[in-house]
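Here is a short briefing on one protein chain. Look over the sequence and the structure first, then read the points below.

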Amino acid sequence: MQRLPRRERLRGRERIGQLFETGLRGTAASVAARLLANSDGQTRVAVAAGRKLAKAVQRNRMKRRLRAAFRVQKDNLPKGCDLILLAKAGVLEAKWPDLKQDVAKAITRATRAAQAEIQATAKTTPEKP
């Protein structure tokens, strides 16, 4: 089993709290994603599965599957963002290709939301002569 390198792991209660508060959201059938730009230039990820979903053993399996799907997709992700993947009820039942597609879809939707917000901010910010 392969581990995520330390530089790719998102840790810290404060930064994860910022992701939940101001991060842009993207969802798919079995996963939700929150995305927020960082200044490190490195893409970092955290994975979560709520207690309401299942018992601890199943939640840990959900998180392992999401981390594995992230590892497969990480080269296609934008650089310099913090990401949290949130397990939804269908993670354990989802077939591997479907799960990979759901992770990619959730991240793409969050990225699109981030780009739309950047464009909206650029349009409302007056340019200085």
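Is Glu-8 buried or exposed? At 8% relative accessibility, Glu-8 counts as buried, where buried means under 20% relative accessible area, exposed means over 50%, and partly exposed lies in between (1.4 Å probe, protein chains only). The model is predicted, so local features need pLDDT of at least 70 and side-chain atom pairs count only at pLDDT 80 or more, while totals for chains, interfaces and linings use all residues. Residues are numbered from 1 along each chain as its sequence is written, and side-chain values use heavy atoms, with hydrogens and water left out.

**Salt bridges**

- A search of the whole structure finds 4 salt bridges; the term stands for a side-chain nitrogen of Lys or Arg within 4 Å of a carboxyl oxygen of Asp or Glu.
- Glu-8 takes part in a salt bridge with Lys-74, at 3.0 Å from N to O.
- Lys-74 lies in the loop between H2 and S4 and Glu-8 in the segment before helix H1 (13-22), so this pair ties together parts that are 66 residues apart in sequence.
- Lys-74 is partly exposed, with a relative accessible area of 22%.
- Another salt bridge joins Arg-15 and Asp-82, whose closest N and O atoms are 2.5 Å apart.
- That pair links distant parts of the chain, with Arg-15 in helix H1 and Asp-82 in strand S4, 67 residues apart.
- Both Arg-15 and Asp-82 are buried.
- Arg-44 and Asp-40 also meet in a salt bridge through their side chains (3.3 Å, N to O).
- Asp-40 counts as partly exposed, at 49% relative accessibility.
- A network of salt bridges links Arg-15, Asp-40, Arg-44 and Asp-82.

- Arg-44 is placed in strand S3 (residues 44-48); helices (H or I, at least four residues) and strands (E, at least two) are DSSP runs, numbered from the N terminus.
- Leaving aside neighbours within four places in sequence, Arg-44 is in contact (heavy atoms within 4.5 Å) with several residues, including Glu-8, Arg-15 and Asp-82.
- The C-alpha atoms of Arg-44 and Leu-4 are separated by 9.6 Å, and these residues are 40 apart along the chain.

**Strands**

- Strand S1 (residues 24-27) pairs with S2 in the antiparallel sense over 4 bridges; two strands pair if DSSP finds at least two bridges between them.
- S1 and S2 form a hairpin, with 3 residues between them.
- Thr-27 has Ala-32 in S2 as its bridge partner.
- S2 and strand S4 (residues 81-87) run antiparallel and are joined by 7 bridges.
- Ala-33 stands opposite Leu-85 in S4.
- Strand S2 (residues 31-37) is mostly covered, as 6 of its 7 residues are buried.

- Helix H2 (residues 56-73) has 18 residues and spans 26 Å from its first C-alpha to its last, close to the 26 Å expected at 1.5 Å a residue; the expected span is 1.5 Å times one less than the number of residues.
- Among the buried residues of H2 are Met-62, Leu-66 and Phe-70.
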